[in-house]
Amino acid sequence: MAGFPVGLIALVVVSGLIYLGLAHRLLDRLYLSDRAALAVIAAMVIGSFIDVPVVAGPVRVSLNVGGALIPLGLAVYILVRAGTAREWGRALLATAVTVAVLTSLNLFVLSPDPWQTGRDFLDPLYVYPLVGGTVAYLAGRSRRAAFIAGTLGVLALDGVDYFRLTRAGIPGVVAVGGAGLFDAVVVSGLLAVLLAEVVGEVRERLQGGPAHRGRPEELLKNLGPLPVKKELPGGEDRDEV
Amino acid sequence: MTKSKTFWLVLASLALVVGLTFWQANLEVRPAEVASGDLLYGEERTDGYFTIRDTNGRILDMTARVVYPGDEFIAEDNRHYRINRIEGDTAWTELLGVETLSGDSAQPVTAGGGARNLVAIYNTHSDESYTPTDGSDSIPAGGGIYKVGEVMAERLRSLGVQVEYDKRPHEPHDAEAYRRSRRTAVKMAQDAPAAILDIHRDGVPQASFYDARIAGEDVTRVRLVVGRQNANMGANLDFAKRLKAYLDEKYPGLVRGIFIGRGDYNQDISPRSVLVEVGTYTNGRDQAQRGGALFVEGLPPVLGIGTAASPQGPGPVGPGAPPSTRGDWRGVLWVIVALVAGGIAFLVISTGSWQGAMERLRRFTTREWGLGWPRPQRKRDDPRR
């Protein structure tokens, strides 16, 4: 960054720190510990610089380690960790619906240039995560399913691209997750979790607490006061529910 | 809620999303909004455009870009307008003020030098072409816009500036083009260029709107576009204004204006990023090449990089860094304000009260950062404990 003005460096550093901090808090909400979430982010940062060529020819395909392989691995890990077949089913259904809705939006609603129809309300960069997150939350009903659908749903758009380019005989590059940590794949997965978190909190707030009816007894038992994470000096910093 | 109710609720919500999708797609659109041709090939529309007028009806600008209330426009004469009303294909504006930047005020940026001697160029819409010379307004993955970009890159090189021109195509020309070109922009940003340019051409049908004779040459004028939905907007807008101010002095009339519209245009990736529209599809490409070449002459002095006498490679040049712009600091402020406001809103929603939000924040900072906030002492028999 040598040679750049201080204000510009501050802008880049502050924006980057906030993005990474938010990413850490959101990954923390999945099946990851604080340290594991930090390791995943570090791996994504480093992996952002590495592209793995996959297909040569007129339509070249490459996979970015930070923007595609790690998010994909994380989504698969979360899916494997999902306890029930029902959660599996929901996550995969949410992914399929996300791909269908995003492809429909792209083909039938959004204009060839952003902001050209008069119907656009948000930049496409944010439309994918918002739609992906909303659909994923509705169909998946959990932040984990939201992450899986948000990530895989946007990743799958590259598959659609490859198919369209090959069929039309247009040379091109499908650089899956090529923008690394700043790719729509990662942004989408993270925003989907954020959305699930906010919607979940609002919903619980409106209904006066988590839903009880129809829930397994084991789950309800664990909805009681959370265990004390760490007793700090003074004994005042325990979780209160 | 029973399982079946939940199932129907989810199904109904999905049906609503899909229904809205198709309903929106079939909404009646104005002539200006009709895109001609196959989406896959992204034909630029040729049958409509917006006219931007001031309160007296004077035409300020014409653009094929759809404009929205709240969009802003800095005209050639530096008057700064905001669009407040749209009637049909006419956007009516109010005058916000007059930009005071002059060619001299661009000089401080040049004084220090020091930014990396590298400019990055790419084309999000790699099909964009110039009908009179290219034979079509759209040539997928091989548009005439590449040749314009190449001439601009060559002119920069002749001025001692290193140029990274990534010619990766981003076909098809659809709403996802910016998602694809984001990857190109990020790759180039990893080399820390002094600025990133996304080169386009406009879709307004009147060639005369961009025609000009400047420095004894028939050229097209250029328009700069800055996206309003990006964290670096303030910094990017300052950069665009400084470019315009410098070029207004050197080549009066070359810069048609600065359009500040909705969108991100991947400008969140660099605080020195700008979208440049070099003429329109009905201009000749040779004209656009000349206009583009004159335009990039503004970059070295405004960025404080490369001179013909110092054709060294990428790396810091000059004794110190150029000064920060007001937009840089405004960007920092906005990012922090957004974080604080969003964080507080979330905490209030999740805890249900201001006190709850503060309590959770206190617990968070104590645990995660080891910061102990002073806590009001409560009596031991306080029933709340």
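I started with two helices of chain A: the axes of α3 (residues 65-81) and α6 (residues 143-168) come within 9 Å and cross at roughly 140 degrees. I took each axis as a line fitted to C-alpha atoms over the stretch in contact, with angles from 0 to 180 degrees between N-to-C directions. Helices here are DSSP runs (H or I, at least four residues), strands are runs of E (at least two), and both are numbered from the N terminus. The angle makes α3(A) oblique to α6(A), because angles under 35 degrees count as roughly parallel, over 145 as roughly antiparallel, 65 to 115 as roughly perpendicular and the rest as oblique.

I noted the crossing of α3(A) and α6(A) as left-handed; that is, the near helix is turned anticlockwise from the far one by less than a right angle, while clockwise would be right-handed. For the contact (C-beta atoms, placed from the backbone, within 7 Å), α3(A) supplies Ala68(A), Pro71(A), Leu72(A), Ala75(A), Ile78(A) and Leu79(A), and α6(A) supplies Arg144(A), Phe147(A), Ile148(A), Thr151(A), Leu152(A) and Leu155(A). By class I find ten nonpolar, one polar and one charged. Ala, Val, Leu, Ile, Met, Phe, Trp, Tyr, Cys and Pro count as nonpolar, Asp, Glu, Lys and Arg as charged, and the others, Gly among them, as polar.

A reminder to myself: this is a predicted model, where local features need pLDDT of at least 70 and side-chain atom pairs count only at pLDDT 80 or more, while totals for chains, interfaces and linings use all residues. Residues are numbered from 1 along each chain as its sequence is written, and chains are lettered from A and ligands numbered from 1 in the order in which they are written.

**Chain A overall**

I looked up the make-up of chain A and found eight helices and three strands, in the order α-α-β-β-α-α-α-α-β-α-α. Of its 241 residues, 46% are buried (20 or more other C-beta atoms within 10 Å of a residue's own; exposed is 12 or fewer, partly exposed in between; C-beta atoms are placed from the backbone).

**The core**

Of its 143 residues, Ala146(A), Ala149(A), Val119(B), Ile121(B) and Leu224(B) touch the most other members. Helix α7 (residues 184-207) of chain A gives the largest share, eleven residues.

**A helix pair in chain B**

I then turned to α4 (residues 145-158) and α7 (residues 285-296) of chain B, which pack at an angle of about 35 degrees with axes 8 Å apart. Their contact has seven nonpolar, two polar and three charged residues. The crossing of α4(B) and α7(B) is right-handed.

I found Tyr81(B) in strand β4 (residues 79-87), buried with 24 other C-beta atoms within 10 Å. Beyond neighbours within four places in sequence, its contacts include Asp54(B), Phe73(B) and Leu95(B).

I spotted a cis peptide bond joining Glu171(B) and Pro172(B), with omega about -10 degrees. Pro172(B) is in the loop between β7 (162-166) and α5 (177-189).

Ala215(B) has phi near 55 degrees and is partly exposed, with 13 C-beta neighbours inside 10 Å. Asn266(B) has phi of about 60 degrees but is buried, with 28 other C-beta atoms within 10 Å.

Definitions and conventions: Core = buried A, V, L, I, M, F, W, Y, C linked by C-beta atoms within 7 Å. Contact = placed C-beta atoms within 7 Å.
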